[in-house]
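These are my notebook entries on a structure that I am reading for the first time. I set down what I looked up, entry by entry.

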Amino acid sequence: METVRHHGRETAYEVADRGGTGPAICFVHGSGGSRAAWKAQHRLADRYPVVTIDLSGHGDSEDVAASAGYTALSAYADDVAAVLEETDARILGGSSLGGAVAMHLLLEREPDVDGIVLAGTGAKLGVLQDLLEWLDTDFDRALEFLHGPDRLLHDPGPELRDESIERMRECGQGTVRRDFRTCHRFDVRDDVHRIDVPALAVYGEYDQLTPPQYHEYLADEIGEGDLVEIEDAAHLAMLEQPTAFNEAVAAFVGGLEE
């Protein structure tokens with residue numbers, strides 16, 4: 001683990017590099033997650049160095065005093081911008097909230113990247129009102145709902161499900177609530193067409209949280225947008241079907257290199 005200091009706080013990140021000569025890829029996790037969500041993407045490191053980040057208040061990163069919505073989104077974008085600068089990563093990837101952070105960064109900061117991977121995300125990320133209320137009043141019920149069939153995971157073994165629940169518990173109710181409320185207020189449908197780098201929109205076949213049409217919209221609106229479905233997966237396709245997910249990412253980045 002490494003850290004970069006910016007805006008008065010430290011952001012943790014990890015670099016996996018097994019001699020890959022391609023452009024480095026920086027992956028950003030979703031709500032209540034950490035860089036551990038991308039552990040299976042380290043397998044790409046023999047071709048592309050892989051950078052994974054803990055957003056503020058997640059994993060090993062210091063928290064930030066930011067309210068849900070634009071303020072938190074902007075703070076998370078600061079985290080990513082600092083790590084991009086520190087690592088010279090050329091490809092930016094984000095899952096769910098991480099995808100929102102990545103889109104926000106490209107639309108408002110114009111970082112020097114060559115492409116973007118948008119996984120399990122959308123130009124608008126409305127959250128079920130019941131879930132928002134449970135995140136306020138009944139965290140256990142919120143976690144059970146999120147880990148129901150075809151939400152975060154399609155058909156996970158107990159170990160993967162338990163790991164996901166434990167990761168959210170470690171993150172804490174307050175941060176998870178901030179994340180989901182930030183997602184709920186995110187809407188760049190009027191602006192996403194301005195993203196001017198090639199994009200890969202990749203989604204799990206059974207994802208009920210960000211269904212296929214969210215990704216079809218991204219691929220249509222972004223001028224150079226590709227679309228890939230990952231079979232037998234839901235929202236966290238990179239964890240459930242890492243081989244297929246990694247192949248999609250490698251094909252996309254390889255196309256950029258050509």
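**Entry 1: a polar contact of D79.** I began with the side chain of D79, which makes a polar contact of 3.1 Å with that of R9. I take a polar contact to be a pair of N or O atoms within 3.5 Å; within protein, one must be able to donate a hydrogen and the other to accept it, and residues adjacent in sequence count only if both atoms are side-chain atoms. The model is predicted: local features need pLDDT of at least 70, side-chain atom pairs count only at pLDDT 80 or more, and totals for chains, interfaces and linings use all residues. Residues are numbered from 1 along each chain as its sequence is written, and side-chain values use heavy atoms, with hydrogens and water left out.

I located D79 in helix α1 (residues 70-87). Helices (H or I, at least four residues) and strands (E, at least two) are DSSP runs, numbered from the N terminus. D79 has 0% relative accessibility and therefore counts as buried. For this term I use under 20% relative accessible area, with exposed meaning over 50% and partly exposed in between (1.4 Å probe, protein chains only). Apart from neighbours within four places in sequence, I found D79 in contact with H6, R9, T11, I53, L55 and S56, where contact means heavy atoms within 4.5 Å.

**Entry 2: salt bridges.** How many salt bridges are there by the rule? I count a side-chain nitrogen of Lys or Arg within 4 Å of a carboxyl oxygen of Asp or Glu, and the count comes to 16.

I looked up R178 and D63, whose closest N and O atoms are 3.0 Å apart in a salt bridge. R178 lies in helix α6 and D63 in the loop between β4 (50-53) and α1, so the pair ties together parts 115 residues apart in sequence. R178 is buried, at 9% relative accessibility, whereas D63 is partly exposed, at 44%.

I turned next to D112 and R90, which meet in a salt bridge of 3.1 Å, N to O. This pair links distant parts of the chain, 22 residues apart: D112 is in the loop between α2 (97-108) and β6 (115-119), and R90 is in the loop between α1 and β5 (91-95). D112 is exposed at 57% relative accessibility, and R90 is partly exposed at 25%.

I also noted the salt bridge between R189 and D187, at 2.8 Å, N to O. R189 is partly exposed at 40%, as D187 is at 36%. I found E14, R35, D54 and D60 linked in a network of salt bridges.

**Entry 3: helix α3.** Which residues of α3 (residues 129-137) are buried? I list L131, L132, W134 and L135. Seen down the axis of α3, the buried residues fall within an arc of 160°, so they line one face of the helix; the arc is that of the directions from the helix axis to the C-beta atoms. Their cover includes α4 (139-146) and α6 (173-185).

**Entry 4: the largest pocket.** I recorded a volume of about 410 Å³ for the largest pocket. On a 1 Å grid over the protein atoms alone, a pocket is an open set of points where a 1.4 Å probe fits, with protein on both sides within 12 Å along at least five of seven lines; lining residues have an atom within 4 Å of a point. Grid points are joined across faces, edges and corners, and the volume is the space filled by probe spheres set on the points. Of its 29 lining residues, S96, L152, F180, L209 and H235 are the closest to the centre. The elements that give two or more residues to the lining are α4, α5 (158-171), α6 and α8 (237-240). The largest share, three residues, comes from α5.
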